[in-house]
Amino acid sequence: MKLNQKKIEKSKALIIDIRDNFGGTDDVYQPLLPYILTNPLRIMNVEFLSTNTLINGLRDYAMQNVHKDSLKAISQIEDGLKEYKDNLGKFILYDGKKVTIDTIALKSEAPKQIIILANKNVASAGENFLFSARQSKKVKILGTPSMGVLDYGSIREFKFGCENYTLYLPTYRSARLPQYPIDNIGIQPDVYLDDTVGDWLSFALNYINE
């Protein structure tokens, strides 16, 4: 992004190709948002099922950067886990609210039109990017429905005595559910590209210039 900042700012349109992006972390696409958004983001939060597995996992993660002798830091971590410990077996809404409004400072110089190419192999954080980007008035998604693995997440690994198999279970579900499921459906494109479209990039360029 830094190397191409001036090019992006001076371009009339931007094509973002995320085909075959199976996900990763939402932090990666944050630098793109000031260039592609036109309005604040409505972000649906998640709710965690409070279990000892979740609590221990959150504690271990938080303790990674804490000195074991720092009693104050350890106490703060335990205070942050109190709501989960007091509500075992219940769903706890993250941050206590279903929707967060994220007002991102937009770039004054930015492309006027954004095309995102996405296919059936776009998943997880890739789908989160689509979910956020499509709220912009200048974004069009071209391609096929995404994979559809966005309703549940933050998995934990469980070994159960069989070397050939590992069990992965999610620890949260989206507050969109059950009204707006994505799993096994995917995020739908604005323009569906069927199998007669061989060169998606050429199609996107023609779409911009028409």
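Predicted model: local features only at pLDDT ≥ 70, side-chain atom pairs only at ≥ 80, totals over all residues.
Ground rules first: I number residues from 1 along each chain as its sequence is written. Local features need pLDDT of at least 70 and side-chain atom pairs pLDDT 80 or more, totals for chains, interfaces and linings use all residues, and side-chain values use heavy atoms, without hydrogens and water.

**Sheet.** I looked up the strands (DSSP runs of E, at least two residues, numbered from the N terminus). Four of them make an open sheet in the order S4-S3-S11-S8, with antiparallel pairing; a pair needs at least two DSSP bridges. Strand S4 (91-93) and strand S8 (152-153) are the edges, each pairing on one side only. I found three bridges between S3 (residues 46-49) and S4, and Leu49 has Phe91 in S4 as its bridge partner.

**Backbone.** Most residues other than glycine have a negative phi, and most peptide bonds are trans. I noted a cis bond from Leu177 to Pro178, omega near 0 degrees. Pro178 sits in the loop between strand S11 (172-174) and strand S12 (191-192). Asn184 lies in the loop between S11 and S12 too, with a positive phi near 65 degrees. Asn184 is exposed at 77% relative accessible area (buried is under 20%, exposed over 50%, partly exposed in between; 1.4 Å probe, protein chains only). Asp20 also has a positive phi, about 65 degrees, and is partly exposed at 44%.

**Leu169.** I placed Leu169 in strand S10 (residues 167-169). Leu169 counts as partly exposed because its relative accessibility is 38%.

Conventions
Helix = DSSP H or I, 4+ residues; strand = E, 2+ residues; numbered from the N terminus.
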